[in-house]
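Dear colleague,

Please find below the structure that I am handing over to you. My notes on it come after the sequence and coordinates.

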Amino acid sequence: MSSVVVIPARMASTRLPGKPLADIHGRPMIAWMVEIGRAANAGPVLVAAAEDEVAEAALRAGANVTLTDPALPSGSDRVHAALEAFDPDGRYDVAVNLQGDMPTMRAADVARAVAALTPGADIATLVSPSTDAADRDNPNVVKAIRAADGRCLAFTRAPAPWGEGAIERHVGIYVYRREALARFVAATPSPLERREKLEQMRALEMGMTIVADAIDVFPKGVDSPADLDAARQVLSRR
């Protein structure tokens, strides 16, 4: 298995425009993400940049860079397009989709997601447990429902599963077998994907196997100025 870390990044965030270049202790967010990807030792780091200024910042941080069409509909589409341009000969058979807005992600957890891609799995990801009622009831906290063997049965914004016990928050990292990524982006959005607004439901509806490992620290993504301030506070302690 030969993997490459691909970080999709674009400036056109609705709630936090210019997010990849947002300053965190003197460095743009994309530089923090490149550092995490490199420290994971999961192969070369490739930034799928939608704009020249993001590409320039990623190059300064030591990443490989491919410019992708800003009109692509999702991060997975940008990862696929960048990987095809970077590696047309197929040297890398696993793509690690590391989100460009998770600067509190730990490199060891990126490596853990890669290790979770067991034989027979098409996609691996991570979850993090929570007993907080606010997380359970928050539709912006995506819940994963797993079988005992780690297979993901569903993802939802609803409070689930029912009953006593922790929920498992989905951590936004995907480790794709390259063939599975190609099939995924070639398919149209599925009914449950459109309803939940969660693209991973497309993979499940296509019959793909997603497995997840659990981590103890939840790396919340940066989607707002408040999230950015919170990330700065976390990173000031590292």
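The following paragraphs set out what was found.

This is a predicted model, in which local features need pLDDT of at least 70, side-chain atom pairs count only at pLDDT 80 or more, and totals for chains, interfaces and linings use all residues. Residues are numbered from 1 along each chain as its sequence is written, and side-chain values use heavy atoms, with hydrogens and water left out.

I begin with strand 7. Helices (H or I, at least four residues) and strands (E, at least two) are DSSP runs numbered from the N terminus. Buried here means under 20% relative accessible area, exposed means over 50%, and partly exposed lies in between (1.4 Å probe, protein chains only). Two strands are taken to pair if DSSP finds at least two bridges between them. Strand 7 runs antiparallel to strand 10 (residues 167–177), with 7 bridges joining them; L126 has V171 as its bridge partner in strand 10. With strand 11 (residues 210–214), strand 7 pairs in the parallel sense over 5 bridges, and T125 stands opposite A212 there.

L126 is also touched by D109, which contacts I215 and V217 as well, not counting residues up to four places away in sequence; contact means heavy atoms within 4.5 Å. D109 belongs to helix 4 (residues 107–115) and is buried, at a relative accessible area of 5%.

Next comes helix 6 (residues 178–186), where R178, A180, L181, F184 and V185 are buried. They cover an arc of only 155° around the axis, which puts them on the same side of helix 6; the arc is that of the directions from the helix axis to the C-beta atoms. These buried residues pack against helix 3 (75–86), strand 6 (94–98), strand 10 and helix 8 (200–205).

F184 also forms one aromatic cluster with Y174 and Y176. Rings of Phe, Tyr and Trp (its six-membered ring) pair if their centres lie within 6.5 Å; planes under 30 degrees apart count as stacked, over 60 as edge-to-face and the rest as tilted. The charged end of R202 sits over the ring of F184, 4.2 Å from its centre, the criterion being NZ of Lys or CZ of Arg within 6 Å of the ring centre and within 35 degrees of the ring normal.

Yours sincerely
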